[in-house]
Amino acid sequence: MKMCKMKHSKYWLCLVVIVSLLLVESAKGHSRQTQMPENPITLVREGADQKEALKINEAIYQAIGFGNTFLVTTSEGNVIIDTSIANRAPQHVKLLKAVSSAPVKYIILTHGHGDHTGGIALWKEPDTKIIAQKNFAEFLHYQTRLAGFFALRNSAQFSLPRPAVSEWAGNYGAKIQANVLFDDKYEFTLGGVKFEIFHTPGETPDHLTVWIPKYQAAFTGDNFYGSFPNIYTLRGTQPRWALDYTNSLNKVLALKPELVIPSHGRAIAGNAEITRQLARYRDAIQYVHDETVKGMNAGKDVFTLMNEIKLPPALNIGESYGKLSWSVRGIYEGYAGYFDLNPATMYEKPASSVHADVVKLAGGAEAVIKLAQDKLAAGDGIGTLHLTDMVLTAEPTNRKALETRLKALELLVSKCSNTNERGWLDYSISEAKKKLAVKN
Ligand SMILES: [Zn+2]
């Protein structure tokens, strides 16, 4: 009897160990939170060759893209979370409708950026309810108000064809009508599955997180992805407050999720791994925020802090999408605006207004270009850009200056490992080439 009991307990112990190992392995499989690609073309094409929807669990499916689309199935109909960018949405609809073509009862938008709202028209049925946080309405107005500005900026940064302003405003602007706009929290139940939706500002002021208690799953939108966040984006943004991100990440951590499903990249499984990754992400943002504030209070200027602030190795979450130096500047100028105590910057004449005089004083364009070429040969691409800027202010079509500038941009591309930086370098290269193609 005793032996038999021992045998039994050994058997159970063994089984527990095997099951635990399997769970750890499956969590590892899911938990490799993919880094954002370093090339904007690759980023925008991510998932373009996906043949069937990715099954996250028995009810949740993902179409991968520049903006994922998620399908949550219930016995009384489907819920769609985010709808991707307009040019990828048709593929996402096809992949997810192949899983289930039941009626779409709700579309939940994690926020009002175009890579999340682009497919609404393809998903919306007459009875579908669109749910967003209440700042969504103003956020869309803001994008529509600046439609001309953003149409160029977005297409340049992501190497997308430049849309007509009306098209841009139609996809991303105030035309999208949400049926439910909530303040802090909204919940509904469909087919016995409860959906809780929380306001979690960060990437945008209208950002939300969807929590499905049944699956212990949190859909975290763009408040968490495989890179330091884009606290400031070069295409232009109103401030994205660092402390909003950290508070929102704490809200998600407090739910103790077993699945975290971001709108870019892949899901992470297992609470231990989720806690490790989200806490590290939060702490990295908090660190950069606190160091920036410390430097501001110590009287340091923004460029000093952009150069000085580096993440400690334990908090290094990569910079393939957001970049620390831009985030430092975003936090600094988000708090303080542009004025740097230099009276010259108070006025409407920029430093470039004296560039032509400096070029003349230096002995003319040739002399400045020679210096720019020396900088280039020494590997200083940024210095080369500054010097060719001076010449091109004085002589906008100077071919030698344009050629030197092109080489500097190509040098910077060769060292670049950030999607957005790459987008602007590529855009500037094509602009320089266009100017060189014009016969003087
Ligand atoms: Zn996004």
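A nonpolar core is a set of buried Ala, Val, Leu, Ile, Met, Phe, Trp, Tyr and Cys residues joined through C-beta atoms within 7 Å. Keep that in mind for the close-ups below, which come from a predicted model.

**Figure 1. The whole protein, before we zoom in.** Let's start with a head count: the secondary structure comes to 17 helices and 13 strands. The protein has 440 residues, and 41% of them count as buried. Now think about who touches whom. Taking the contacts in the protein with a separation of 6 or more, 66% are between residues 24 or more positions apart.

**Figure 2. Inside the largest nonpolar core.** This core holds 80 residues, and the ones touching the most other members are Phe70, Ile107, Ile108, Val210, Val260 and Ile261. Helix α10 supplies the largest share of this core, with six residues. Pick out Val260 and see what surrounds it: leaving aside neighbours within four places in sequence, Val260 is in contact with Ala218, Thr220, Phe224, Ala267, Ile268, Ile274 and Leu278. There is also a second, separate core of 16 residues, and its members include Val368, Ala372, Leu409 and Ala432.

**Figure 3. Helix α10 meets helix α12.** Two packed helices are described by the angle between their axes and the distance between the axes. Here, α10 covers residues 271-297 and α12 covers residues 324-336; their axes come within 10 Å and cross at roughly 55 degrees. The crossing of α10 and α12 is right-handed. On the α10 side, look for Val288, His289, Thr292 and Met296; on the α12 side, they meet Leu324, Ser327, Val328, Ile331, Tyr332, Tyr335 and Ala336. What kinds of residues make up this contact? There are eight nonpolar, three polar and no charged residues.

**Figure 4. Helix α16 alongside helix α17.** Here's another helix pair to look at. Helix α16 (residues 399-415) and helix α17 (residues 419-437) have axes 9 Å apart and pack at an angle of about 155 degrees. From α16, the contact uses Arg399, Leu402, Glu403, Arg405, Leu406, Leu409, Glu410, Leu412 and Val413, while α17 brings Arg422, Leu425, Ser428, Ile429, Ala432, Lys433, Lys435 and Leu436. Sort the residues of this contact by type and you get nine nonpolar, one polar and seven charged.

**Figure 5. Phe139 and its surroundings.** You'll find Phe139 in helix α6, which spans residues 135-145. Is Phe139 buried or exposed? It has 22 C-beta neighbours inside 10 Å, and the cut-off for buried is 20 or more, so Phe139 counts as buried. Not counting residues up to four places away in sequence, Phe139 touches Gly112, Thr204, Pro205 and Asp206. Take Thr204: Phe139 and Thr204 are 65 residues apart in sequence, yet their C-alpha atoms are 8.2 Å apart in space.

Figure 6. Most residues other than glycine have a negative phi. Ser84 is not a glycine, but its phi is positive, at about 70 degrees. Ser84 sits in the loop between β4 (77-83) and α3 (89-97), and counts as buried because it has 28 C-beta neighbours inside 10 Å. Gln216 has a positive phi too, near 50 degrees. Look for Gln216 in the loop between β10 (208-212) and β11 (217-221). Gln216 is partly exposed, with 17 other C-beta atoms within 10 Å.

Figure 7. Ser100 is in the loop between α3 and β5 (104-108). With 17 C-beta neighbours inside 10 Å, Ser100 counts as partly exposed. Apart from neighbours within four places in sequence, Ser100 is in contact with Leu71, Thr73 and Asn78. Ser100 and Gly77 are 23 residues apart in sequence and 9.1 Å apart in space, C-alpha to C-alpha. Over in the loop between α12 and α13 (355-361) is Ser353. Ser353 is exposed, with 11 other C-beta atoms within 10 Å. From Ser353 to Met390 the C-alpha distance is 9.6 Å, and the two are 37 residues apart in sequence.

Methods: Residues numbered from 1 in each chain as written. Predicted model: local features only at pLDDT ≥ 70, side-chain atom pairs only at ≥ 80, totals over all residues. Axes fitted to C-alpha atoms, helices over the stretch in contact; angles between N-to-C directions. Helix = DSSP H or I, 4+ residues; strand = E, 2+ residues; numbered from the N terminus. Left-handed = near helix turned anticlockwise from the far one by under 90°. Contact = placed C-beta atoms within 7 Å. Nonpolar A, V, L, I, M, F, W, Y, C, P; charged D, E, K, R; others polar. Buried ≥ 20, exposed ≤ 12 C-beta atoms within 10 Å, placed from the backbone.
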